[in-house]
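Here's a quick briefing to read alongside the model. Grab the sequence and the 3D view, and we'll go topic by topic.

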Amino acid sequence: MPTREFGILKAIGAETRDILLLTLGEASCMGFFGGILGIIVGTGAVYIMNAWLANTRIVLFLITPRLLIIAMIFALLIGALSGLYPAYRASKMSPMEALKHA
């Protein structure tokens, strides 16, 4: 969310907590959808590699539900952590400073 939008939200009465939660929610959603996309691409790559290596003596790759859960938790954590600092910084700005920000 651009900084000017934070200024508008603060000008109409949004509290610091509201802006912090909004930004963290947005970052977590991006992490969630990035995790889903990563799982889809990774699973496709594993199936392609297993089909390619099927007749060799090389060990095949395995996808387990536990691995998928760990990957999704990692993506959500990275998304939330990457949004933490910008959310905190934006929530502490004054409305006028945020509106002047280009």
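**Confidence first**

The protein averages a pLDDT of 85, and 96% of the residues score at least 70; pLDDT is the predictor's confidence in each residue, from 0 to 100. This is a predicted model, so to speak of local features we need pLDDT of at least 70, side-chain atom pairs count only at pLDDT 80 or more, and totals for chains, interfaces and linings use all residues. Residues are numbered from 1 along each chain as its sequence is written, and side-chain values use heavy atoms, with hydrogens and water left out.

- Helices here are DSSP runs (H or I, at least four residues), numbered from the N terminus.

**Helix α3**

- Helix α3 has 27 residues and reaches 38 Å from its first C-alpha to its last, close to the 39 Å expected at 1.5 Å a residue; the expected span is 1.5 Å times one less than the number of residues.
- There's a kink of about 35° at L84 in α3, shortly before the proline P86; the bend at a residue is the angle between axes fitted to the seven residues ending there and the seven starting there.
- Which residues of α3 are buried? They are M72, A75, G79, G83, A87, A90 and S91, where buried means under 20% relative accessible area, exposed means over 50%, and partly exposed is in between (1.4 Å probe, protein chains only).

- F32, F33, I36, I40 and L76 make a nonpolar surface patch of about 460 Å².
- Patch members have over 30% relative accessible area and no salt bridge, with nonpolar side chains (Val, Leu, Ile, Met, Phe, Trp, Tyr) joined within 5 Å and like charges within 9 Å.
- The areas come from the Shrake-Rupley method with a 1.4 Å probe, and for residues only the protein chains shown count as cover.
- Helix α2 supplies the largest share of the patch, 4 residues.
- I36 sits in helix α2 and is partly exposed, at a relative accessible area of 33%.

**One salt bridge**

- How many salt bridges does the structure hold? The count is 1, taking a salt bridge as a side-chain nitrogen of Lys or Arg within 4 Å of a carboxyl oxygen of Asp or Glu.
- D18 pairs with R17, and their closest N and O atoms are 3.9 Å apart.
- D18 is partly exposed at 33% relative accessible area, while R17 is exposed at 53%.

**Glycines in the helices**

- G7 belongs to helix α1 and is buried, with a relative accessible area of 0%.
- G7 and S82 are 75 residues apart along the chain, and their C-alpha atoms are separated by 21 Å.
- G31 is in helix α2 and is buried too, at 10% relative accessible area.
- From G31 to A54 it's 23 residues along the chain and 33 Å between C-alpha atoms.

**Loop residues**

- I12 lies in the loop between α1 (3-11) and α2, and counts as exposed at 68% relative accessibility.
- I12 and P95 are 83 residues apart in sequence, yet 9.2 Å apart in space, C-alpha to C-alpha.
- N55 is in the loop between α2 and α3 (65-91), and at 80% relative accessibility is exposed.
- N55 and A45 are 10 residues apart in sequence and 17 Å apart in space, C-alpha to C-alpha.

Notes. Helix = DSSP H or I, 4+ residues; strand = E, 2+ residues; numbered from the N terminus.
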